[in-house]
Amino acid sequence: MEDNKYLEVLSDKIILTRTAANPYYEAKITLTNLTSKYVVFKVYINKHTLYSANPASSFIPPKENISITVKRLENTPDGDPSSKDKLFILAFPVNQAIQDVNFF
């Protein structure tokens, strides 16, 4: 069976950090399109009341990449450090760019 790998993500874990200049916990994820087609993606987060992803959905042109910022929302209590919060990225190739589509 053929390997259907559309995107490359450099790490299977993300660690949210903050700096003195930025008081919010956040991390960057870079997605790279490995195909010669457009790839549409959607980011799902199991605790969407605590975290946001920007952009949460979009498409990536062939052989290009996109950076996604995952941020812990303001005024949320610190969670259990042993908690395994999950982020899932669903992606698939399409034949052409999809424009003016509202992703849900």
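The following questions and answers go through how some labels apply to this predicted model.

Local features here need pLDDT of at least 70 and side-chain atom pairs count only at pLDDT 80 or more, while totals for chains, interfaces and linings use all residues. Residues are numbered from 1 along each chain as its sequence is written, and side-chain values use heavy atoms, with hydrogens and water left out.

Q: Why is Thr 35 called buried?
A: Buried means under 20% relative accessible area, exposed over 50%, and partly exposed in between (1.4 Å probe, protein chains only). Thr 35 has a relative accessible area of 14%, so Thr 35 is buried.

Q: What does Thr 35 touch, not counting residues up to four places away in sequence?
A: Contact means heavy atoms within 4.5 Å. Thr 35, found in the loop between S2 and S3, touches Lys 5, Tyr 6, Pro 62 and Lys 63.

Q: What lies 2.9 Å from a polar atom of the side chain of Thr 35?
A: That atom is the backbone oxygen of Lys 37.

Q: Why is Tyr 44 called partly exposed?
A: The relative accessible area of Tyr 44 is 36%, therefore Tyr 44 is partly exposed. Tyr 44 has its place in strand S3.

Q: What makes a nonpolar core, and which members of the largest one touch the most other members?
A: A nonpolar core is a set of buried Ala, Val, Leu, Ile, Met, Phe, Trp, Tyr and Cys residues joined through side-chain atoms within 4.5 Å. In the largest core, of 14 residues, Leu 31, Phe 41, Val 43, Ile 60 and Ile 68 touch the most other members. S3 gives the largest share, four residues. Beyond four places in sequence, the contacts of Ile 68 include Leu 31, Phe 41 and Val 43.

Q: How many helices and strands does the protein chain have?
A: The chain has zero helices and seven strands. Helices (H or I, at least four residues) and strands (E, at least two) are DSSP runs, numbered from the N terminus.

Notes: Polar contact = N/O pair within 3.5 Å; in protein donor to acceptor, adjacent residues only side chain to side chain.
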